[in-house]
Amino acid sequence: MKRNTEPTPVNPDIARWNRKYENAGTARVAPEGEPELVALSDRLDNRGLALDVAAGRGRNALYLATLGYRVIACDGAVSALVGCAGISRDTGLPVYCMACDLESYRFGTGLFDLLVVVRYLNRPLLPVLPTWIRPGGWLFYKTFNTRFLETNPRFNPAYTVEPGELNEIFSGLDIRASDTDRTTGTVSDNRFSFVLARKSSAVS
């Protein structure tokens, strides 16, 4: 049998983000969560295993670790995760960095107590995310909505949601707060949409 010696194709988006982070230098980030995540953190369990999807430099992942979570920070760009790994090593914050292609990699069912996704929209992944959450676990999702295009017209509209669309996408979860609910006490840039939702603890 002839052995395949062709190199594994590199996802062009991952290659692009790797270059972007490499060009941005090695400056480290502080463990600062998204404003809505910080404002709503008292509703979370603040224990267990969390996954920061498309973590970038790991700002949210490090913040979750300060709350009491053990955190997996996953991103396709290795160059983005280097700084986060260094901070985790130096501070002892329990953040474990994992490079993976989120267009193809899938985690197991019911692994995580909390999923956090910020400024990342991969539509085929959306229905999969709730399956990664254990019963009673949480999802925090925040991304650009179509209002963002008004101030950034060159931004790819494929990476935006309609205002309120996240509530529909995650309607199978118990939505506890969102950008469409102004009673939550959070202040959100209206160019972004977010939801904080909990998975039912009932066993089907």
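Guide: Two strands pair if DSSP finds at least two bridges between them. Helices (H or I, at least four residues) and strands (E, at least two) are DSSP runs, numbered from the N terminus. The model here is predicted: local features need pLDDT of at least 70, and side-chain atom pairs count only at pLDDT 80 or more, while totals for chains, interfaces and linings use all residues. Residues are numbered from 1 along each chain as its sequence is written, and side-chain values use heavy atoms, leaving out hydrogens and water.

Visitor: What is the order of the strands in the open sheet?

Guide: The seven strands follow the order E3-E2-E1-E4-E5-E7-E6, with mixed pairing.

Visitor: Why are E3 and E6 called edge strands?

Guide: Strand E3 (95–99) and strand E6 (174–178) are called edge strands because each pairs on one side only.

Visitor: How do you know that E1 and E4 pair?

Guide: Four bridges join strand E1 (residues 49–53) to strand E4 (residues 112–118), and the definition asks for at least two, so they count as a pair. These two strands run parallel, and Val53 stands opposite Val117 in E4.

Visitor: What makes us say that helix H4 packs on the sheet?

Guide: Helix H4 (residues 78–91) touches strand E2 (70–75) and E3; contact means heavy atoms within 4.5 Å. The direction of H4 makes about 165° with that of E3, on a scale from 0 to 180 degrees between N-to-C directions of axes, which are lines fitted to C-alpha atoms, for helices over the stretch in contact.

Visitor: How many helices and strands does the protein chain have?

Guide: The protein chain has six helices and seven strands.
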